[in-house]
Amino acid sequence: LDWIGYQAIEIPTISTEINAASVGKWFPKAKLIKSSIQVKNSDKQTKARAALLLFYQYAKWPSSKVDQLMAYLAKIAETRQPLGGRCRIAQEGVNATISSLDSPQRTASASLRWFAHDLKRFSSEFNQTDFKFID
């Protein structure tokens with residue numbers, strides 16, 4: 001894994017306002033964060049490679065930790081471009097599908113591994129997570 005250029009993202013200490021949606025009436029306490037990858041016409045000609053990360057992690061978190069994780073994930077999505085996908089977050093855990101494209105700064109594979117490393121920094125529970133990388 002290429003760690004050149006990796007910079008840890010600060011973990012928020014307080015809840016910040018983020019753009020999260022409800023998952024629906026079946027999961028009233030769950031939240032959904034969406035992020036999409038923006039590709040410019042000039043980027044399409046480079047035929048960037050894509051990579052995918054799938055994972056879930058069961059947990060028993062208080063709502064304050066869920067809010068903190070959501071704020072952290074929103075910060076990661078803004079900072080670690082190009083990342084996109086869906087994260088379903090609740091007090092019972094996280095279920096996510098995250099994708100990335102190669103960029104001039106790093107490969108899609110490296111971006112997703114950095115993302116997984118960020119989660120491990122957030123909580124030791126993610127050290128047990130079976131991250132499934134598709135490169």
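Strand 4 and strand 5 are joined by a hairpin through two residues. In this report, helices (H or I, at least four residues) and strands (E, at least two) are DSSP runs, numbered from the N terminus. The structure is a predicted model, in which local features need pLDDT of at least 70 and side-chain atom pairs count only at pLDDT 80 or more, while totals for chains, interfaces and linings use all residues. Residues are numbered from 1 along each chain as its sequence is written, and side-chain values use heavy atoms, with hydrogens and water left out.

**Strand pairing**

Two strands pair if DSSP finds at least two bridges between them. Strand 4 pairs with strand 5 in the antiparallel sense over eight bridges. Strand 3 and strand 5 also run antiparallel and are joined by nine bridges. The table lists residues and their partners in strand 5.

| Residue | Partner in strand 5 |
|---|---|
| Leucine 53 | Isoleucine 98 |

**Helix 3**

Helix 3 covers residues 108–122, and its 15 residues should span 21 Å at 1.5 Å a residue; the end C-alpha atoms are 21 Å apart, which agrees. The expected span is 1.5 Å times one less than the number of residues. Among the buried residues of helix 3 are Leu112, Trp114, Phe115 and Leu119. Here buried means under 20% relative accessible area, exposed over 50%, and partly exposed in between (1.4 Å probe, protein chains only). The buried residues of this helix pack against several elements, including helix 2 (63–79) and strand 6 (132–134).

**The nonpolar core**

A nonpolar core is a set of buried Ala, Val, Leu, Ile, Met, Phe, Trp, Tyr and Cys residues joined through side-chain atoms within 4.5 Å. The largest one has 27 residues, and those with the most contacts inside it are Phe55, Leu69, Phe115 and Phe126. At least two residues of this core come from each of strand 3, helix 2, strand 4, strand 5 and helix 3. In soluble globular proteins, nonpolar side chains tend to be buried together. Contact means heavy atoms within 4.5 Å. Not counting residues up to four places away in sequence, phenylalanine 126 touches Phe55, Leu69 and Leu119, among others.

**Serine 123**

Serine 123 lies in the loop between helix 3 and strand 6. This serine 123 is buried, with a relative accessible area of 5%. Leaving aside neighbours within four places in sequence, serine 123 is in contact with Trp61 and Lys65. Its side chain makes a polar contact (a pair of N or O atoms within 3.5 Å; within protein, one must be able to donate a hydrogen and the other to accept it, and residues adjacent in sequence count only if both atoms are side-chain atoms) with the side chain of lysine 65, at 3.4 Å.
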